[in-house]
Amino acid sequence: MFDFVKRRDFYYLLSLLVLVPGIISLIVPPSLKPGIEFTGGTTFTVRFAQAVHQDALRAALSELGHPEAIVQGTGENTFLVRTRELKGAAAAPEIGPAPPSERDAIEAGLQQRFGDFLDNNGNVSNRFIDFASVSGTVSEEIGRNAGFAVIAASVAILLYISWAFRAVPKPFLWGAAAVVALLHDAVLVLGAFSIFGKVFGIEINTMFLTGLLTVMGFSVHDTIVVFDRIRENLRRGEGRDFSECVNVSLNQTLARSVNTSFTVVLVLVAMLLMGGVTIRDFLLVLLIGIISGTYSSIFIASQLLVTWEERDIQRLFRKLLPRRRQPAPVETEG
Amino acid sequence: MRGWRNRTLLGLILILAVFSVVTVWPSEPDRYLPSFIPWPIGQGMKLPWVKVDNGAIKFYLKEARAMRLGLDLRGGTRLVLQADTSQTPDVNVDAALTTATNIIERRVNAFGVSESEIQRVKGGDRLVIQLPGIDPAQAAKLVGQTAELEFRQPKLDANNDIMTCQGGTVTYNPPGCDGGQETPVPASSLTQAMENSVIWVPAQAVGSDGLEKDLTGRFLKNNTFVSASNVGLPVLNFEMTKDGAPLLEQVTNRLIGLPMGFFLDGQPIRGTDNNILAPTVRAVISDKGIIEGLSADDARLLSIQLNGGALPVPLKVIQQEEVDATLGEDSVQQSVIAGEVALLIVMLFMTLFYRLPGALASLALFVYTSIVLAVFKVWPVTLTLAGIAAFVLSVGMAVDANILIFERTKEELRAGRSLVAAIEAGFTRAWSSIRDSNVSTLITCAILYWFGDQFGASLVKGFAFTLAIGVLVSMFSAIMVTRTFLRLTIGTPLARHLGWWVGDVEPVRVAATPVPGVPPPSISGGEE
């Protein structure tokens, strides 16, 4: 039997080490890079003379510096493209040659790859059709409102767990531990994407929001399953003390925790490898979140219960601020 | 007795499964399944459905042919609208378009089209709208109409005779008779055919401030609704505001015995028979009224438009096209295939790891998937990526429930119970964790749904709703379906091969089948 609870200080430290860079990145503006769904950008229609595959167009736009482009087919070899605001996208050229704009660069780049464009009447052309700047489709408020929803849901989870685990001593603590684990996972994902935004330019869109909600749902589910086992073992009087009881429970639920996460990870990896490119960031959110969710149930939520029961915090204070009359606690580990 | 019960349950599960598969079978199988096999084309299913309509319970056949998919997965109609300021040149276009965006959003939501997109073209007078799963003509009508409702009355002469247009074309804006002769006709002798030539003028009344006002949709409360009349025909109910009620009272008082017309955006509203809707005023009405004679679709559309408010400027549809999925049609198809493969891998893993119970659980997973998809289709739920994410999460939870049960069963076998006892104990012991975790998820769903509804975050709402359906069905599937499968299998020769049930358990003193008469160690489970 593996001793899970012995090294709990180490697990906290590990989580802290993983979380801190993300938190720092979240504090340093821009904390998260909003995608074009929020900020708006440029929209244009492009019609090719030759057959062009949607995937190829998306890849070409990505090479031309627009991985965020949303590409929708609207007819034969015709695509509606939305990108972030293109610089120098001023309309028709005035007197004299206009300086090359981002629009020109993309037009040239696409023509080089896929050949001529057509205009609305089917004549050969070298310009996009209906080129315009547009606002976002989703108001930035949705992020804030989703935040409120999540806070309200966390409070509800706290209350529910306190009630569902009313048979154990200090049930409120169990609820709090589950919510801490939930926040751990949410902050980890947010932090990771804040860093990805700064390093790889990954943007936040509504898919990210969906992924985050999914991760939070999973996190609580996973924690409750582990807690349920601890509750049952407490009732049976398993183990000599609380920490041993938690340890026995973690060992018993380990196979289930690993297998459940493994099946979900299996699904996600299969979809990452074979699925469409447009949902890749979304799958990444889930992958990080699910792994973190499994980890936090075992190494954060359950450990917090032990930490409270073993009065680790008081011990830590005593260690840091030694009193004059010390009873000399030799043992430092549970 | 028990065997009989299990067989009945199995029968019910099979019926439900077959029914679900037939219901969800796609109308475009090539989009979801490998195309080298000529799959039959799904027809959906007509389901007897009940709805409560104005206090009366109605039975009808509800048809669900195609799954409702959101803009991100399926695409829809894209409209470019331009503000038409030719009638009102001094209007502030920017402010008008902001108001128009809100009104359109309200109309679209009321129409039940979730996950639409509205964009402003910067520095211009245009709006770009994408709507999922709605035909272009209907979309244009829904968002483009100004929806300025007017109450009009026939032009009258001094004898209260109705002026009609003979030998010419009747015009509405301004009211007149183009190339013909205005002829008075007594109201009593007005025929159906002549009604279309009546000259309609705005119905006016004096407001409390002493000014004469046109009676328009401005004086309507935004709570119109469609109900059914005694004979089942659609009726649009409206209610006047405090200021509007005395106006309508004056107008109806004056028009007793005469017809009253309803005009939308300067055009008469026509009934299903294409005649102008012009009911004869029978009594003085002030605060509440109804409009009859509309088709159900028109009544609903009109009600939505009236409740959403009138657009501050007319919007002209200048471009209209069908667009495919925002996630990209190719990308969606790849992801669908990937999802199917992933589901097969999960089934394979479950079977390899948990052997026969795992195979049965995979079967249960198949039943689960078809039931959930059938619910989505019949309800109908507009599926978007957020919905799919919730669905995948609920699949994970369904699998988790089975894993919990099987791990528990293994433990009980290790503790030396018989197979039957171990399986029963596995279910009983795992129940509390399945219950608590799922209830917590349902509570979360309820709160997310409420918030999504309050703040118009349809993404959050859709996620919560699909997850709740998934969790409810998963509890049924994990417990009822898997348990029934297992109980029935235990009674067969399959139960003699312990190796098919568990891999890594040393059979200490396990009886493969319970010896009749000798009770297993404990079959009751629960508390010890």
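In chain B, strand 14 (residues 225–228) and strand 15 (residues 234–239) pair in the antiparallel sense over four bridges. Pairing requires at least two bridges found by DSSP. B:A228 has B:P234 of strand 15 as its bridge partner. Five residues sit between the strands of this hairpin, and B:G232 takes a positive phi near 85°.

This is a predicted model, in which local features need pLDDT of at least 70 and side-chain atom pairs count only at pLDDT 80 or more, while totals for chains, interfaces and linings use all residues. Residues are numbered from 1 along each chain as its sequence is written, and chains are lettered from A and ligands numbered from 1 in the order in which they are written. Helices (H or I, at least four residues) and strands (E, at least two) are DSSP runs, numbered from the N terminus.

**Two helices**

Expected spans are 1.5 Å times one less than the number of residues.

| Helix | Residues | End-to-end C-alpha distance | Expected span |
|---|---|---|---|
| Helix 9 of chain A | 280–309 (30 residues) | 42 Å | 44 Å |

Strands 14 and 15 return here: they are among the elements that cover the buried residues of helix 8 of chain B. Others include helix 4 (93–110), helix 5 (136–144) and strand 6 (149–154) of chain B. A residue is buried if 20 or more other C-beta atoms lie within 10 Å of its own, exposed if 12 or fewer, and partly exposed in between, with C-beta atoms placed from the backbone. The buried residues of helix 8 include B:D298, B:L301, B:L302 and B:Q305. Just after helix 8, B:G309 has a positive phi of about 95°.

Helix 9 of chain A is mostly covered, with 24 of its 30 residues buried. A kink of about 45° is centred on A:S296. The bend at a residue is the angle between axes fitted to the seven residues ending there and the seven starting there. A:R311 follows helix 9 of chain A and has a positive phi, near 55°.

**Domains and chain contact**

Chain A is divided into domain 1 (8–34 + 138–319) and domain 2 (41–134). These bounds come from an automatic or database domain assignment. The C-alpha centres of the two domains lie 43 Å apart.

The contact between the chains takes 62 residues from chain A and 66 residues from chain B. Helix 9 of chain B gives the most to chain B's side, with 15 residues. Two residues are in contact if their C-beta atoms, placed from the backbone, lie within 7 Å.
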